[in-house]
Amino acid sequence: MEAENMEKDFKKLRQQMVREQLIKRGIEDEAVITAFRNVEREKFMLAKNKEYAYQDGAQSIEAGQTISQPYIVAYMAQKLGLTEDSNVLEIGTGCGYNAAVMAQIANEVYSIEIVEW
């Protein structure tokens, strides 16, 4: 039951993040907004930091890297003007959150990372 409640809380926080951090700051691309409503950022976070998944800021991940602030990821995706016909090459996968967001919109996403996870 506790895991189910956590999932509901994350969903609520995710929807709030979309409204407060993205839409209010000018993210207007419906495909980007939909991607952020669907991609579960907490699944890309270290277990000890999951509670911070929808805070307005970057968070630490492994290998001295960070998962970018949601607004920055949304801003980049919007600026790319991705469509369902887009093919993307991302260099620097990190935890994969940015690639997961882009994969919700683009036809193909290829991402490479120097750190072996």
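Biologist: Over the ring of which residue does the charged end of Arg-41 sit?
Modeller: This is a predicted model, so every value here is computed from it. In it, the charged end of Arg-41 lies 5.5 Å from a ring centre. A charge counts as sitting over a ring within 6 Å of that centre, if it is also within 35 degrees of the ring normal. The ring belongs to Tyr-97.

Biologist: Is Tyr-97 buried or exposed?
Modeller: Its relative accessible area is 1%. Buried means under 20%. Therefore Tyr-97 is buried.

Biologist: Which residues form one aromatic cluster?
Modeller: The structure holds four aromatic pairs. The cluster consists of Phe-36, Phe-44 and Tyr-97.

Biologist: Where do the buried residues of helix 2 fall?
Modeller: Helix 2 covers residues 30-38, and Val-32, Ile-33, Ala-35 and Phe-36 are buried there. Seen down the helix axis, these buried residues fall within an arc of 160°. They therefore line one face of helix 2.

Biologist: Which residue has a side-chain oxygen that reaches the backbone nitrogen of Ala-31?
Modeller: Look at the start of helix 2. There a side-chain oxygen comes to within 2.8 Å of that nitrogen. The oxygen belongs to Asp-29.

Biologist: Which residues are exposed on the other side of helix 3?
Modeller: In helix 3 (residues 70-80), Pro-70, Tyr-71, Val-73, Ala-74 and Ala-77 are buried. They cover an arc of only 160° around the axis, which puts them on the same side of helix 3. On the other side, the exposed residues are Lys-79 and Leu-80.

Biologist: Which elements give two or more residues to the largest nonpolar core?
Modeller: This core has 26 residues. Among the members that touch the most others are Met-17, Val-32, Phe-36, Tyr-97 and Val-101. The elements that give two or more residues are helix 1, helix 2, helix 3 and helix 4.

Biologist: Is Gln-59 buried or exposed?
Modeller: Gln-59 has its place in strand 1. Beyond its neighbours within four places in sequence, it is in contact with Arg-41, Met-45, Tyr-52, Gln-65, Thr-66 and Ile-67. At 13% relative accessibility, Gln-59 counts as buried.

Biologist: What distance does the polar contact between the side chains of Lys-24 and Glu-20 have?
Modeller: Lys-24 is placed in the loop between helix 1 and helix 2. With a relative accessible area of 63%, Lys-24 is exposed. Its side chain joins that of Glu-20 in a polar contact of 3.1 Å.

Methods. Residues numbered from 1 in each chain as written. Predicted model: local features only at pLDDT ≥ 70, side-chain atom pairs only at ≥ 80, totals over all residues. Heavy atoms only, no water. Buried < 20%, exposed > 50% of the residue type's maximum accessible area, 1.4 Å probe, protein only. Helix = DSSP H or I, 4+ residues; strand = E, 2+ residues; numbered from the N terminus. Arc of directions from axis to C-beta. Polar contact = N/O pair within 3.5 Å; in protein donor to acceptor, adjacent residues only side chain to side chain. Contact = heavy atoms within 4.5 Å. Core = buried A, V, L, I, M, F, W, Y, C linked by side-chain atoms within 4.5 Å. Phe/Tyr/Trp six-rings, centres within 6.5 Å; stacked < 30°, edge-to-face > 60°.
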